[in-house]
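This briefing covers a ligand shell, selected helices and some backbone features. The sequence and structure come first, and the notes follow by topic.

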Amino acid sequence: TSAFQSIDLVPPDIQFDITRRFLADSNNDKINLGQGAYRDENGQPWVLPSVKMAKAELGEFGHEYLPILGLKSFRDEATRLLYKGTRAFTENRIASCQSISGTGALILAALSLKRLHSAPDSIYITSPTWVNHQMMFSTIGYQVKELPYYKDGAFDFDAFTAALGQAKPGSTVVLHTCAHNPTGCDPSKIQWKAIGSIMKERGLFPIFDSAYLGFNSGSFHDDAWPIRYFLDELNVELAVCLSMAKNMGLYGDRVGLVSFATLSQDTAQIAESVMQNVQRSTITTPPAYGARLASIVLSTPAIREQWQKDLLTMSGRIKSMRKRLYDELILLETPGDWSCIITQSGMFAFLGISKTQIHHLEKKHHVFMVETSRMSVAGLNENNVQRFAKALDETVR
Ligand code: PLP
């Protein structure tokens with residue numbers, strides 16, 4: 001008998017399966033609003049001009065291992081990008097380790113916290129959240145608890161803060177720094193301040209999941225404001241899990257960084273040594289290619305300037321598509337309130353339509369999106385926005 005006989009088949013990942021179905025569909029007018037990846041005005045993947053410039057600069061590096069903590073120049077540049085101007089940065093109280101994009105950053109941070117933190121057993125995530133949060137943290141042995149986050153097209157501040165006020169002291173809370181996935185709804189600055197006060201009062205440890213910095217406003221710096229606020233105004237310790245997948249378009253190259261901002265230089269050193277040890281025992285060393293490109297982008301003034309333009313191009317196109325879609329729906333007098341499409345921000349809009357309607361969109365109109373009604377606005381362009389609006393209109397009538 002097989003050692004595996006009692007194991008059931010695990011269904012395919014919901015999100016990746018949408019892409020598979022999209023690729024298998026032979027209809028010429030199909031629209032993919034499923035995958036959270038930027039597409040240009042022709043619906044194509046976009047290699048950022050800044051990344052093309054970095055590739056031209058790259059030269060020959062061979063294929064040796066990186067150090068366990070990753071490429072030093074990338075770690076330094078990414079740390080400066082996130083923290084420059086904060087007291088933690090000036091006082092050298094930041095530990096960093098290169099990770100396998102944002103997913104690997106979250107795993108590395110959560111595994112390291114188990115050893116660094118005195119009360120590490122519970123982790124709070126928002127409800128809803130990115131589908132992987134629940135899976136990844138429970139896989140590594142955390143008790144995962146949910147904080148209500150969303151109601152009627154907006155962030156549910158009252159429910160969220162009420163639940164946060166009941167969270168077990170010492171627990172970890174995963175916060176989306178900006179462009180909340182899947183809802184596209186972020187706290188305002190005033191709301192962030194209230195969230196920060198509650199967390200400080202209850203001794204809750206923040207992990208800032210930062211997969212979309214630059215996608216809200218077009219400015220990485222502006223989108224990272226909550227992190228600087230927590231550090232400088234609240235003077236708390238925190239972790240940042242940074243992904244360069246979306247904001248540099250380096251998806252498959254898996255470029256990310258975990259950083260811990262601590263209260264002392266000594267603690268930062270300890271945190272870095274723990275991360276180094278966790279990294280060694282899980283992946284040994286991170287991949288080199290993407291980190292080299294990101295490091296060149298960040299450290300070369302002319303390329304960095306181009307990157308800042310690229311962020312504006314991506315965030316600006318998404319914003320204009322939100323407006324185009326909204327205007328089309330108004331023109332069609334589509335039943336319902338669609339203002340959430342323009343009030344939400346980042347890569348996603350959360351339409352609030354039913355699973356049956358999502359299935360109908362796919363079967364009848366060849367429009368692919370996640371069953372929760374999250375749509376990747378980046379999948380829209382001038383060639384398909386009208387068609388999608390008409391499909392949505394027909395579906396909800
Ligand atoms: N966190 C959130 C909220 C995300 O939406 C994603 C990607 O979709 C990630 C983290 C990690 O992505 P990656 O591992 O591709 O960097």
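Why does Glu362 count as buried? Glu362 has 20 C-beta neighbours inside 10 Å, and therefore counts as buried; the term requires 20 or more other C-beta atoms within 10 Å of a residue's own, while 12 or fewer make it exposed and anything in between partly exposed, with C-beta atoms placed from the backbone. This is a predicted model, in which local features need pLDDT of at least 70, side-chain atom pairs count only at pLDDT 80 or more, and totals for chains, interfaces and linings use all residues. Residues are numbered from 1 along each chain as its sequence is written.

**Glu362**

- Glu362 lies in helix 15 (residues 355–365); helices (H or I, at least four residues) and strands (E, at least two) are DSSP runs numbered from the N terminus.
- Not counting residues up to four places away in sequence, Glu362 touches Val367 and Phe368, where contact means C-beta atoms, placed from the backbone, within 7 Å.
- Between Glu362 and Lys30 there are 332 residues of sequence separation, and the C-alpha to C-alpha distance is 8.8 Å.

**Ligand shell**

- The residues surrounding the ligand are Gly36, Ser101, Gly102, Thr103, Trp130, His176, Asn181, Asp209, Ala211, Ser243, Ala245 and Gly256; the criterion is a C-beta atom, placed from the backbone, within 6 Å of the molecule.
- Three residues of this shell, the largest share, come from helix 5 (residues 101–116).
- The shell has three nonpolar, eight polar and one charged residues; Ala, Val, Leu, Ile, Met, Phe, Trp, Tyr, Cys and Pro count as nonpolar, Asp, Glu, Lys and Arg as charged, and the others, Gly among them, as polar.
- Ala211 sits in the loop between strand 8 (205–210) and helix 9 (220–223), and is buried because 27 other C-beta atoms lie within 10 Å.
- Apart from neighbours within four places in sequence, Ala211 contacts Gly102, Ser243, Ala245 and Lys246.

- Helix 5 is largely enclosed by the rest of the structure, because 13 of its 16 residues are buried.
- The end C-alpha atoms of helix 5 are 22 Å apart, in agreement with the 22 Å that its 16 residues should span at 1.5 Å a residue; the expected span is 1.5 Å times one less than the number of residues.
- In helix 3 (residues 72–83), the 12 residues should span 16 Å, and the end C-alpha atoms are 16 Å apart, which agrees.
- Phe74, Arg75, Glu77, Ala78, Leu82 and Tyr83 of helix 3 are buried, and their cover includes helix 4 (87–90), strand 2 (94–100) and helix 12 (289–299).

**Packing of helices 2 and 13**

- Helix 2 (residues 49–57) and helix 13 (residues 301–331) pack at about 155°, with axes 7 Å apart.
- The contact involves Pro49, Ser50, Met53 and Ala54 of helix 2 and Ile303, Gln306, Trp307 and Asp310 of helix 13.
- By class, this contact has five nonpolar, two polar and one charged residues.

**Backbone features**

- The peptide bond joining Ser127 and Pro128 is cis, with omega about 5°, and Pro128 is in the loop between strand 3 (122–127) and helix 6 (132–139).
- Asn181 and Pro182 are also joined by a cis peptide bond, with omega near 15°.
- Ala179 is not a glycine but has a positive phi of about 55°; Ala179 is buried, with 27 other C-beta atoms within 10 Å.
- Arg254, likewise not a glycine, has a positive phi of about 60° and lies in the loop between strand 9 and strand 10.

Note on methods
Two residues are in contact if their C-beta atoms, placed from the backbone, lie within 7 Å. Axes are lines fitted to C-alpha atoms, for helices over the stretch in contact, and angles run from 0 to 180 degrees between N-to-C directions.
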